[in-house]
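I opened this notebook to record what I looked up in one model, topic by topic. The sequence and coordinates come before my entries.

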Amino acid sequence: MAGYIVYNGFWNPHTPPDPVQRLQAAARQRGWTLRPIPNTALPIVVSPSGAAVPGMCPGDVALFWDKDIRLGQALTAMGVHLYNPIDAVAVCDDKGATHLALAAQGIPMPRTLLAPMTYRDITAPIDAFLRRAMEELSFPMVVKECYGSLGGQVYLAHDPEELRRMAMSMGSKPFLAQEFMRAAAGEDLRLYVVGDRVIAAMRRHSDTDFRSNIAAGGQGEAYIPTPEQEQLALRCCRTLGLAFGGVDLLWDATGAPVVCEVNSNAFMGGITACTGVDVAGAIVEYVRRQEPIVR
């Protein structure tokens, strides 16, 4: 039985991305070999006997640092142990699905409206949704594509014309409209959960953007979360089935925390730099405890 880190070879055609390199180095420091392998090198072979991925074997362990859901499903079906589980990755990858799962457990979030399934060049039906969004939510209004990362695919509509222009630009992409949390404009909290603990937290802020993502130019500083914030982050990960993940929190006008997003493949460079916590090492140690017989 062997260990791997699966990553996206389309976005990273030459070298593994930073989180994968960190995980590989952390494993090496602990005497464990985790081999990075791109999804582009893992074709799924489907036959009457089932799905197989050549080169991978039942009982192997893979840190699944990708969003190739079909690949993850095939690996799981053939008995590869994935971290995070593919069902959790799939729910986190779709912001609409994330909100539905968290709402079912009463987890506080900004007021959100999921747009109906749409088709390119069919414009009239979306107008009913936009009218409802304007009735339910005031401007400015956050508009998010359901698939996106690093603060991309997230926009701020300031008036009906801008909202409609954003909606029409989506084409057939699923998206949502969301309450703008004025009290947290340009700021958020990132809590990194591993297992049953919040191991690190940072407060992110931007002076030039309503988004605070470090990848979009935001700055981070170490933060000590309150017990309420910690419990909320842990509830999110338990609800979604994550072994580890980054939970992004905002806050309302009273200061009460609300969940913005949950990331199954949260980057770790920024939070490690500002807190000094070896996030990659914590993830590797957690997985190793679950898989003691894997070399």
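My entries follow, beginning with the ground rules.

**Ground rules.** I am working from a predicted model, in which local features need pLDDT of at least 70 and side-chain atom pairs count only at pLDDT 80 or more, while totals for chains, interfaces and linings use all residues. I number residues from 1 along each chain as its sequence is written, and I take side-chain values from heavy atoms, with hydrogens and water left out.

I took helices (H or I, at least four residues) and strands (E, at least two) as DSSP runs numbered from the N terminus, and I called two strands paired if DSSP finds at least two bridges between them. On that basis I found four strands forming an open sheet in the order 2-1-5-6, with parallel pairing. Strand 2 (34-38) and strand 6 (81-83) stand at the edges, each with a single partner strand, so one side of each has no neighbour in the sheet. I noted an average twist of 30° from one strand to the next, angles here running from 0 to 180 degrees between N-to-C directions, with axes as lines fitted to C-alpha atoms, for helices over the stretch in contact. Strand 5 (residues 61-65) pairs with strand 6 in the parallel sense over three bridges, and I looked up one partner there, finding that alanine 62 is bridged to leucine 82 of strand 6.

**Helices on the sheet.** Counting contact as heavy atoms within 4.5 Å, I saw that helix 1 (residues 18-29) packs on the sheet and touches strand 1 (3-7), strand 2 and strand 5, its direction making about 160° with that of strand 2. Helix 9 (residues 279-290) lies across strand 2, strand 5 and strand 6, and runs at about 145° to strand 5.

**Nonpolar cores.** I used buried for under 20% relative accessible area, exposed for over 50% and partly exposed for in between (1.4 Å probe, protein chains only). A nonpolar core is then a set of buried Ala, Val, Leu, Ile, Met, Phe, Trp, Tyr and Cys residues joined through side-chain atoms within 4.5 Å. The largest such core has 29 residues, and those with the most contacts inside it are Leu23, Trp65, Tyr192, Val194, Met268, Ile283 and Val287. Strand 1, helix 1, strand 5, strand 11 (187-194), strand 12 (197-205) and helix 9 are the elements that give two or more residues to this core, and helix 9 gives the most, with seven residues. I then listed the contacts of methionine 268, leaving out residues up to four places away in sequence, and found among them Pro19, Leu23, Trp65, Tyr192 and Ile283. Another core, of 28 residues, lies apart from the largest one and includes Ala88, Val247, Val258 and Cys260.

**Salt bridges.** With a salt bridge defined as a side-chain nitrogen of Lys or Arg within 4 Å of a carboxyl oxygen of Asp or Glu, I recorded a count of 14.

- Aspartate 18 and arginine 22 form one, with the closest N and O atoms 2.7 Å apart; the two are four residues apart in helix 1, a separation of about one helical turn. Aspartate 18 is partly exposed at 37% relative accessible area, and arginine 22 is partly exposed at 31%.
- Aspartate 93 and lysine 67 form another, with the closest N and O atoms 3.6 Å apart. Aspartate 93 lies in helix 3 (residues 86-93) and lysine 67 in the loop between strand 5 and helix 2 (69-77), so the pair ties together parts 26 residues apart in sequence. Aspartate 93 is buried at 12%, whereas lysine 67 is partly exposed at 35%.
- Asp188, Arg190, Arg204 and Asp248 are linked in a network of salt bridges.

**Strand 10.** How many of the residues of strand 10 are buried? I found four of its five, so noted the strand as mostly covered. Strand 7 (residues 112-114) joins strand 10 through three bridges in the antiparallel sense, with threonine 112 standing opposite glutamine 178. Strand 8 and strand 10 also pair antiparallel, over five bridges, and the bridge partner of lysine 144 in strand 10 is leucine 176.
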